[in-house]
Amino acid sequence: MNNTHALAEFLAGLRYEDLPTSVVEYTEELFLDWLGSALASQNRHPIPLFQRYAQRMGPASGKSRVLVDGTSTSAYFAALVNGASSHLVEQDDLHNSSVLHPATVVFPAALAAAQELGKSGRELILASVAGYEAGIRIGEFLGRSHYRIFHTTATVGTLAAAVAVGKLLGLDSRQFVNCLGSAGTQAAGLWEFLRDAADSKQLHTAKAAADGLLAAYLTADGLTGAQNILEGEQGMAAGMSSDADPSRLVDGLGTRWALCETSYKFHASCRHTHPAADALLGLMQREGLSHGDIAKVTTRVHQGAIDVLGRVVVPQTVHQAKFSMGTVLGLIAVHGKAGLVEFEEFSLSDAQVSAFREKVSMQLDPEVDGAYPRRWLGRVDVLTTDGRQLHGAIDEPKGDPSNGLSRAELEDKFRRLLAFAGQRSQAEADRLVQASWALHQLPSLDVFH
């Protein structure tokens with residue numbers, strides 16, 4: 001039995017009773033965090049484009065819900081729109097060592113299918129855990145070389161979504177192999193869009209969630225797929241990686257719950273900016289500095305940050321600004337935070353933020369790069385206007401599991417996300433928070449709309 005088949009065997013045999021209480025609770029927390037990201041994107045470009053496409057191509061009604069407008073449709077189109085909407089405001093979760101955003105591909109597919117199939121909250125939790133555990137390991141398997149060209153959340157996300165839906169459909173181990181094969185052959189997503197401020201990032205997660213669901217449903221109906229899509233001579237690793245490690249596919253199955261290693265986003269920007277943002281904020285607070293006291297900032301980063309953030313020189317859109325190290329640090333320095341409101345109001349129009357952006361550079365650091373992707377270290381060197389050389393460092397960015405968000409902080413973040421969209425009442429926010437904390441007890445998932 002190769003590693004792909006061993007992974008499929010684990011997925012088929014996984015039961016809700018196998019999940020530690022901590023895993024169930026963490027899944028509920030990740031779900032609420034994802035739900036806030038999905039709802040925060042209401043009426044913001046390009047999400048209405050996905051809504052109009054779903055309305056044009058999909059059924060007029062169905063059992064699954066599009067979260068941003070509450071309309072009902074098929075599971076496929078609900079997964080498509082919800083996958084797009086939950087990846088726009090850059091507040092969705094990230095797993096460090098796989099460099100995968102699991103929530104934005106797993107939950108849209110799993111919730112849409114669970115609503116269509118009439119599943120319970122417990123069944124949704126089990127399916128989501130399966131999607132996270134598989135997706136994280138496949139991301140780790142494909143390695144750093146994959147992420148340099150491919151958006152891992154798009155490629156691996158297709159398989160993670162397929163696994164989650166496959167679990168809801170009750171696939172056996174043989175079917176999971178076929179499901180992975182059909183999902184893997186659809187996996188796509190390239191980073192080139194960042195250079196152009198294009199909207200492809202939302203297309204990536206929309207298609208990953210919907211195509212994963214497609215693979216699972218077709219598998220359940222008898223479609224076969226490649227039997228060795230991950231490790232085969234013409235499989236994903238062969239075409240998309242130069243440092244693949246097949247042992248990562250089965251690392252700690254059933255004992256290492258990789259889902260609980262997932263980080264929350266504190267700042268509303270690309271996660272590669274967070275370590276430096278936290279390090280700069282800590283240094284400025286420690287030294288009592290204002291943005292005007294700083295002449296130059298050198299961020300010492302891993303190569304992955306340079307590969308992604310280095311493509312953005314002068315951001316043209318708010319979303320592209322979230323991938324600009326200088327802009328993120330400018331918001332931190334000038335306004336003290338880099339949240340949704342700060343990006344919306346200041347990232348493109350504030351002259352002080354733009355001026356600070358020009359003071360920021362990135363430099364590859366061997367220590368930081370050696371720790372990545374398991375650990376995302378933050379290191380900044382600051383030259384002050386009066387000639388002092390100062391250094392800031394953090395080892396665990398805010399949101400990492402060891403420096404995570406409490407349930408109270410997650411509730412606060414959720415309410416801020418809904419307030420940003422301005423479309424939901426306090427009573428609706430309360431209802432969704434309570435339902436998320438009781439996810440393991442819900443007999444139906446119709447409450448999420």
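Biologist: Which residue in β7 does K296 stand opposite?

Modeller: First, this is a predicted model: local features need pLDDT of at least 70, side-chain atom pairs count only at pLDDT 80 or more, and totals for chains, interfaces and linings use all residues. Residues are numbered from 1 along each chain as its sequence is written, and side-chain values use heavy atoms, with hydrogens and water left out. Strands are DSSP runs (E, at least two residues), numbered from the N terminus, as are helices (H or I, at least four). In β7, the residue opposite K296 is L383.

Biologist: How many bridges pair β5 with β7?

Modeller: Two strands pair if DSSP finds at least two bridges between them. Strand β5 spans residues 294-301 and runs antiparallel to β7. The number of bridges is six.

Biologist: What is the bridge partner of G378 in β8?

Modeller: Strand β8 covers residues 389-394 and is antiparallel to β7, with six bridges joining them. The partner of G378 is I394.

Biologist: Why is β7 largely enclosed by the rest of the structure?

Modeller: Buried means under 20% relative accessible area, exposed over 50%, partly exposed in between (1.4 Å probe, protein chains only). Strand β7 holds residues 378-384. It is largely enclosed because the number of its seven residues that are buried is six.

Biologist: Which residue in the hairpin of β7 and β8 takes a positive phi?

Modeller: The hairpin has four residues between its strands. The phi in question is near 95°. The residue is G387.

Biologist: Does L223 count as buried, exposed or partly exposed, and at what relative accessibility?

Modeller: L223 lies in the loop between α9 (200-220) and α10 (236-240). It counts as partly exposed, because its relative accessibility is 39%.
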